[in-house]
Amino acid sequence: MQTIKEYVESNKQRFLDELFELLRFPSVSADPKYKGDVSNTATFVAKKLTEAGADNVEVCQTAGHPIVYGEKFIDASLPTVLVYGHYDVQPADPIELWDTPPFEPTIRDGKIYARGAADDKGQFYMHVKAFEYMIETGTLACNVKFMIEGEEEIGSVNLGTFVRENKERLKADIIVISDTSMISLTQPSIETGLRGLSYIEVEVLGPNRDLHSGVYGGAVANPATVLAKLIASLHDENNHIAIPGFYDDVVELSAAEREALNKAPFDIEAYKQDLGVDEVWGEAGYSTIERTGIRPTLEVNGLWGGYIGEGAKTVLPSKAEAKISMRLVPNQNSQRITELFVKHFEAIAPPYVKVTVRPHHGGEPVVTPTSGIAYKAAEKALEDTFGIAPIPTRGGGSIPIVALFEEVLGLKTVLLGFGLNSDNLHSPNEKYGIENYVKGIETIPLFHKYYAELAKEEK
Ligand code: BES
Ligand code: MN
Ligand code: MN
């Protein structure tokens with residue numbers, strides 16, 4: 001029988017060609033302009049699942065973008081692995097900063113450059129190819145279910161309903177997601193936590209129309225100045241978030257836990273150099289690893305108002321706006337944090353402007369267990385492939401649906417991610433290493449094998 005390594009070796013070009021085909025679909029979920037492309041991507045994913053050997057493949061329509069489902073049931077005595085991923089991607093803009101077009105995948109330096117290469121097309125597709133191998137060679141060790149959605153990047157708005165309505169169909173023992181990062185190819189790691197999210201838009205309204213800044217400036221509050229001051233006041237001099245009650249529910253880690261976390265290899269000089277910054281920044285008293293893993297944050301994602309076109313226009317804008325996100329950690333709750341933000345922002349608004357706060361989607365933080373057999377299986381599989389045991393880390397990103405899976409399906413998740421933080425997720429020139437792709441495909445069948453073995457032992 002062909003080993004997975006041999007199988008990948010002899011099918012590598014096809015595995016790349018198929019991923020390239022998937023990457024050529026501009027499946028941008030946020031922009032209605034791409035609705036047809038998103039839908040075509042779902043059809044393509046369904047076709048590939050069927051070709052790989054999945055049964056009962058269905059493109060499930062929702063109130064938004066479709067969810068692709070497929071399964072292979074082999075034996076009721078075996079555990080069932082539910083693979084979740086997303087085929088939608090973030091918008092590609094600013095498009096002029098891409099060295100090659102975002103939806104024309106290109107290989108440079110052993111890396112695939114394309115929007116969605118790492119997040120998440122390149123990663124979920126590894127599961128489809130690993131599944132193909134297990135079917136081809138009759139080595140499937142677990143029952144498998146696939147749920148690949150098209151709205152992750154816009155907050156999985158319709159997935160909750162789908163999960164609630166399909167509890168029976170989604171019955172499984174564990175959820176596996178490849179949509180996170182590892183430290184490096186020489187030091188694999190497993191993320192054991194994801195942050196929650198609270199996302200808010202604010203609007204500061206001044207005069208009822210744009211004004212001549214010479215005629216009115218100095219006599220009427222400028223909404224852009226007011227917004228800048230309000231935003232600046234959200235962090236104090238220690239870069240703590242200055243919203244009353246914000247930290248009330250934050251779980252502080254023990255000294256031992258923090259020490260373990262900070263043992264992970266991390267080169268601050270390389271980090272700064274990669275980002276082109278002279279100094280890092282953040283909450284006083286915490287390391288960079290902690291600031292991006294176990295601490296909550298508040299970020300301005302976009303800020304605008306007034307004239308931003310070519311040249312100079314003298315104008316006092318009627319309004320200014322911003323998009324603000326907060327990353328949350330256990331046991332913060334996105335709804336409560338949103339309420340605290342709204343209350344605080346309204347309270348600090350000066351009387352010479354009108355402030356409107358509009359909450360968007362949110363999501364809850366999670367910590368995934370390191371004690372169960374799924375983590376152990378992932379650990380063993382990664383060690384086999386990489387020759388070195390993975391270490392647990394806490395991820396800074398969010399996959400809000402993970403908390404929901406736990407709540408609705410009662411299922412734990414293992415985050416078997418193969419991306420790198422430097423893959424430019426959501427940025428221009430997103431990339432995914434061919435080696436990451438290949439190693440991922442090689443690791444997944446081992447995960448299934450070890451998971452089945454450990455489940456049997458546990459019985
Ligand atoms: N795959 C990412 C999340 C991620 C990235 C986790 C890197 C860990 C490491 C996911 O697609 C994502 O971008 N999620 C969004 C949240 C969503 C509600 C828009 C995020 O984290 O901003
Ligand atoms: Mn993702
Ligand atoms: Mn993403």
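Asn429 is buried in this predicted model, with a relative accessible area of 13%; buried denotes under 20% relative accessible area, exposed over 50%, and partly exposed the range in between (1.4 Å probe, protein chains only). The residue is placed in the loop between strand E20 (419-420) and strand E21 (431-433), where helices (H or I, at least four residues) and strands (E, at least two) are DSSP runs numbered from the N terminus. Although Asn429 is not a glycine, its phi is positive, at about 60 degrees. A positive phi, near 50 degrees, is also found at Ser156, a residue other than glycine. Ser156 belongs to the loop between strand E6 (143-149) and helix H4 (159-165) and is buried, its relative accessible area being 6%.

Residues are numbered from 1 along each chain as its sequence is written, while chains are lettered from A and ligands numbered from 1 in the order in which they are written. In this predicted model, local features need pLDDT of at least 70, side-chain atom pairs count only at pLDDT 80 or more, and totals for chains, interfaces and linings use all residues; side-chain values use heavy atoms, with hydrogens and water left out.

His86 in strand E3 (residues 80-86) and Asp119 in the loop between strand E5 (111-113) and helix H3 (121-136) are 33 residues apart. Both are buried, His86 at 0% relative accessibility and Asp119 with a relative accessible area of 7%. The peptide bond from Asp119 to Asp120 is cis, with omega near 0 degrees.

An open sheet is formed by 4 strands in the order E13-E15-E11-E16, with antiparallel pairing; two strands pair if DSSP finds at least two bridges between them. Strand E13 (297-305) and strand E16 (354-363) are at the edges with a single partner strand each, so one side of each lacks a neighbour in the sheet. Within the sheet, strand E11 (residues 196-205) and strand E15 (residues 319-328) are joined by 10 bridges, and Leu197 has Arg327 as its bridge partner in E15. Helix H5 (residues 223-232) lies across E11, E13, E15 and E16 at about 15 degrees to E15. Axes are lines fitted to C-alpha atoms, for helices over the stretch in contact (heavy atoms within 4.5 Å), and angles run from 0 to 180 degrees between N-to-C directions. Helix H9 (residues 334-348) lies across these strands too, running at about 170 degrees to E16.

Pro317 is located in the loop between strand E14 (315-316) and E15 and is buried, at 5% relative accessibility. Among the residues touched by Pro317 are Pro207, Asp210 and Asn222. A further cis peptide bond joins Pro330 and Asn331, with omega about -5 degrees; Asn331 lies in the loop between E15 and H9.

Conventions: Lists of a residue's contacts leave out its neighbours within four places in sequence.
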